Amino acid sequence: MTGQAHTGRPRKLLRNLSSKIASIPMMLTAVVIFLGGTIWTVVYSFTNSKLLPRANFVGLDQYERLWDAPRWIVSIQNLAIYGALTLVFSLVVGFVLAALMDQKIRFENTFRTIFLYPFALSFIVTGLVWQWILNPEFGVQSVVRALGWTSFTFDPLYNADIVIYGVLIAGLWQGTGLVMCLLLAGLRGIDEDIWKAARVDGIPMWKTYLFIVIPMMRPVFITTLVIIASGIVKVYDLVVAQTSGGPGIASEVPAKYVYDYMFQAQNLGQGFAASTMMLVTVAIIIIPWAYLEFGGRKRV
């Protein structure tokens, strides 16, 4: 028995050997570049590095300056507003669209392509397109005024109080199609017998979705939430293309703050501190997801 166990282990290690060897470069890249770069960033966030990294440690000074900076506070507030509304609207709208598409409507493939097409565009293109649409000179405001409503005003990208909502519109336009496709895949995975049983029992359609279908789609919803949340944390190019952080600093986001301090202000220490806070935010999102998906399952 012992001999069989010892001979069994090497066989398992040698199974799919070619694929394991082929994955070594990717594993080294992930460990050296991603993990190594992350550790390096965190370590140097405790230094007063300027143009070049310097191992001159100053403790938590960079983090104190970071949280005392009005620009950083504004960026966090914007991220909170943009993130909360994106999560809610993209899930609600995406699920409604997925439920409608699941009714086996005519030209389903055409509609699915139309809804998903914006996701194929880069955020820069999306930002520029919506910058034109929301421009008061020749966008929505101009068109409505030309129709006779001369007092109509709609210029969110030029109003500091609501500029983040203008960015939100563009983000929802681009990302909701992907959410729809993910949730549609989850709906198509529901057994047809469940729908038949609900109809036989006389359960209204909305109750079937709310109390039966949605709980069954929990893994799909969790994965979708993680994808949306990771995109929210790193939002950058959409803001740059639409507003460049303006008016003033009204539409600043953390990713833009990091870029500006690292490559324009030449203050690496402050940029490293800000990027470390973004890393903490991502960890707060990923760790619960990993626990719910893997750690929380009972092993049989």
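This is a predicted model: local features need pLDDT of at least 70, side-chain atom pairs count only at pLDDT 80 or more; totals for chains, interfaces and linings use all residues.
Residues are numbered from 1 along each chain as its sequence is written, and side-chain values use heavy atoms, with hydrogens and water left out.

**Figure 1. The whole chain.** The protein chain has 15 helices and zero strands, where helices (H or I, at least four residues) and strands (E, at least two) are DSSP runs numbered from the N terminus. Its radius of gyration, taken over C-alpha atoms, is 25 Å, whereas a compact globule of 300 residues would have a value near 19 Å, by the rule of 2.2 Å times the number of residues to the power 0.38.

**Figure 2. The nonpolar surface patch.** Leu17, Phe57 and Val32 are among the residues of a nonpolar patch with about 1,200 Å² of accessible area together, computed by the Shrake-Rupley method with a 1.4 Å probe, for residues with only the protein chains shown as cover. Patches join residues with over 30% relative accessible area and no salt bridge, like charges within 9 Å and nonpolar side chains (Val, Leu, Ile, Met, Phe, Trp, Tyr) within 5 Å. Helix H3 gives the most, with nine residues; Val32 lies in this helix and counts as exposed because its relative accessibility is 56% (exposed is over 50%, buried under 20%, partly exposed in between; 1.4 Å probe, protein chains only).

**Figure 3. The buried side of helix H7.** In H7 (residues 123–133), the buried residues are Thr126, Gly127 and Trp130. They lie on the same side of H7 because they cover an arc of only 100° around the axis, the arc being that of the directions from the helix axis to the C-beta atoms.

Figure 4. Asp102 and Arg188 form a salt bridge, with their closest N and O atoms 2.7 Å apart (a side-chain nitrogen of Lys or Arg within 4 Å of a carboxyl oxygen of Asp or Glu). Asp102 sits in the loop between helices H5 and H6, and Arg188, 86 residues away, is in helix H9. Asp102 is buried, at 10% relative accessible area, whereas Arg188 is partly exposed, at 35%.

**Figure 5. A salt-bridge network.** Arg71, Glu252, Lys256 and Asp260 are linked in a network of salt bridges. Lys256 meets Glu252 at 3.2 Å, N to O, and Asp260 at 2.8 Å between the closest N and O atoms. Asp260 and Lys256 are separated by about one helical turn because they are four residues apart in helix H14.
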